[in-house]
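Let's take a friendly walk through a protein chain. Have the sequence and the 3D view ready, and turn the view as you read.

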Amino acid sequence: MGKQKRLRKMRGKWGPLTLSLVLAAGLLSGCSGSASEGEAENKTDKLANLNETGMPIVKEPIELTFFTGKSPTNGSKFEDTLIWKTYSQMSNVQVKFNLVPFETLTEKRNLALAGGDYPDVFYSARVGSAELARYGQQGVFIPLNDLIDKYAPNFKKLMEKYPDIRKGLTMPDGNIYSLPSFYDPDLLSMLIGTPLWINQDWLKKLGMEEPQTTEEFYKYLQAVKATDLNGNGKHDEIPFSAGGVNVLIDHMKGAWGLGTSGLGHKLVDVDPDTGKLRFIKTLPQYKEVLQFISKLYKEGLIDPEIFTIEGSALNAKGQAGLLGSTVVPNPETVMGRKEFTGLGALKGPHGDQLYAHVKVPMVHVGAFAITNKDPYPEATIRWMDYFYSDEGAKLYFMGKKGETYTSDANGNLKYVDEITNNPDGLTQDQALAKYFTWLGGSYPGFVTEKYFKGSETLPNSMAAAEKAKPYAVKNILYNFNYTPEETEVMSSIGKDIEDYTAEMEAKFINGSASFDQWDGYVNNLKKMGLDQYMSVYQAAYDRYQAE
């Protein structure tokens with residue numbers, strides 16, 4: 001039958017409107033087929049440009065845009081540092097790092113994701129599990145399972161060695177949407193991260209031994225306040241300061257037997273008696289922790305600016321020789337002070353002695369996530385996988401031999417004198433910022449003692465870890481991944497509970513809320529849905545254990 005006859009027959013059978021729709025559908029189908037063919041050709045061209053192994057990653061240069069978290073210790077432009085100049089030349093991948101200060105990171109990241117104005121990759125952006133699950137299901141973050149299997153041999157090998165990585169990364173839908181920042185579980189100094197440091201020179205001047213208990217720590221702080229230890233004729237010594245009072249809470253709670261699961265779950269831990277999760281922040285022991293810290297605050301033993309102080313201001317006080325104790329990665333590198341020693345686990349008033357300030361080895365789950373706007377996902381995963389290799393870790397943390405580090409006959413690496421003893425008086429971290437961007441943390445990659453020579457692996461940090469080791473948390477819980485229904489509870493009721501406990505912690509410590517209000521505080525949490533919150537938490541924990 002001829003084409004015209006067929007059309008007349010169709011018109012008679014279906015009518016003109018129906019026929020128009022059929023023809024339109026046929027035209028659209030034809031256009032769709034052409035578009036699909038074009039996309040397929042484009043995909044083929046991109047894969048043809050990809051080298052599946054070795055360097056460069058791509059034959060012809062490509063460009064990517066990263067949303068990137070920035071620490072105060074980082075330089076102002078990542079592209080100008082040695083590490084990224086070198087890797088750009090090696091890989092043929094040109095990355096534009098759009099830097100966002102960590103102080104405003106969460107807000108700007110959430111706005112970008114919610115508004116659709118996001119880049120190819122979120123890098124060092126601290127994307128949480130809930131965001132990964134939500135935006136992964138929406139297609140904003142792409143699944144990495146197949147990409148890892150085919151293009152990320154180094155990370156795949158790491159997951160095989162440490163199965164908890166895969167367990168922590170896999171969302172309830174079975175997909176992996178991110179690559180993490182992962183610390184070697186055997187490198188305790190890195191998992192501690194920021195020990196409780198005490199001024200050893202001032203201890204000697206006071207004729208005091210290193211504190212072993214919370215009471216001895218309290219006595220030391222009292223002595224610092226009462227004595228002109230820096231010899232300037234003023235009582236300007238600050239017994240304790242840190243970037244927020246919460247870090248002192250995290251160091252003290254182990255002295256009351258709390259924090260049995262490490263720092264990954266700050267509101268709950270595992271009850272050693274029952275094996276079930278317990279909500280820490282309503283327990284009588286926790287009330288005692290806050291009462292102890294409140295006593296320090298009321299007696300002027302804690303910096304009055306502790307609730308608002310920023311890292312640069314804290315470091316300036318340290319550089320000026322005003323601090324009796326602090327919590328930072330290392331006073332030697334961030335303050336230029338070598339007179340501090342790290343404390344081990346302090347024994348509490350009831351005999352508890354637990355070093356609870358231990359991070360989860362997978363410290364940032366969403367350190368690296370590829371979005372659906374990335375035109376080169378295969379090249380991008382290869383770009384990142386390099387830093388989970390020995391060669392990549394060496395480049396990322398140590399740089400170039402002869403320029404930023406030297407190596408002895410045994411293969412031990414060491415930064416050059418310009419970095420460790422800077423002629424211009426820069427601290428080690430300040431000198432490193434010219435070459436590297438790992439300062440401040442949150443970066444994706446694998447941290448081992450062999451290649452990481454930051455403040456956490458200096459002799460005094462390693463010594464602090466040795467003191468902590470006998471009492472350090474052994475059963476560290478990694479992150480839990482929640483179902484969509486559970487996520488809804490955790491992002492609503494859970495968020496309200498987290499905000500309320502943080503608010504009341506500060507009020508109990510600074511005295512704007514009396515401890516006579518404790519029972520009311522506990523009852524308020526119950527009214528907010530604490531039982532439902534804990535039910536969801538326990539269900540996620542049970543799944544975690546079953547896996």
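How many helices and strands does the chain have? The chain has 23 helices and 14 strands. Helices (H or I, at least four residues) and strands (E, at least two) are DSSP runs, numbered from the N terminus.

## Before we start

This is a predicted model, in which local features need pLDDT of at least 70 and side-chain atom pairs count only at pLDDT 80 or more, while totals for chains, interfaces and linings use all residues. Residues are numbered from 1 along each chain as its sequence is written, and side-chain values use heavy atoms, with hydrogens and water left out.

## The chain as a whole

Along its principal axes, the C-alpha trace spans about 110 × 60 × 40 Å. Of the 547 residues in the chain, 52% are buried. Here buried means under 20% relative accessible area, exposed means over 50%, and partly exposed lies in between (1.4 Å probe, protein chains only).

Contact means heavy atoms within 4.5 Å. Take the contacts between residues at least 6 apart in sequence: 73% of them join residues at least 24 apart.

## An open sheet of six strands

In which order do the six strands of the open sheet stand? The order is E2-E1-E3-E11-E4-E14, and the pairing is mixed. Two strands pair if DSSP finds at least two bridges between them. Strand E2 (93-101) and strand E14 (445-447) stand at the edges with a single partner strand each, so one side of each has no neighbour in the sheet. On average, neighbouring strands are turned by 20 degrees against each other, direction ignored.

Helix H4 (residues 102-115) packs on this sheet and touches strand E1 (62-70), E2 and strand E3 (121-127). The direction of H4 makes about 120 degrees with that of E3. For such angles, axes are lines fitted to C-alpha atoms, for helices over the stretch in contact, and angles run from 0 to 180 degrees between N-to-C directions.

## Strand E3 and its partners

Why is E3 described as largely enclosed by the rest of the structure? Six of its seven residues are buried, so the rest of the structure largely encloses it. E3 runs parallel to E1, and three bridges join the two. Look for Phe-66, which stands opposite Val-121 in E3.

E3 also pairs with E11, in the antiparallel sense and over four bridges. Here Phe-122 stands opposite Ala-369 in E11.

## Strand E4 and its partners

Strand E4 (residues 179-183) pairs with strand E11 (residues 362-370) in the antiparallel sense over three bridges. Leu-179 stands opposite Phe-368 in E11, and the bridge partner of Phe-182 in E11 is Met-362. Three bridges also join E4 to E14, and these two run parallel. There you can find Ser-181 opposite Gly-445 in E14.

Five of the five residues of E4 are buried, so this strand is largely enclosed by the rest of the structure.

## A stop at Lys-414

Now move to strand E13 (residues 413-415), where Lys-414 is found. Is Lys-414 buried or exposed? Lys-414 counts as exposed because its relative accessibility is 51%.

Leaving aside neighbours within four places in sequence, Lys-414 is in contact with Met-398, Thr-404, Tyr-405 and Thr-406. Lys-414 and Met-398 are 16 residues apart in sequence and 8.1 Å apart in space, C-alpha to C-alpha.
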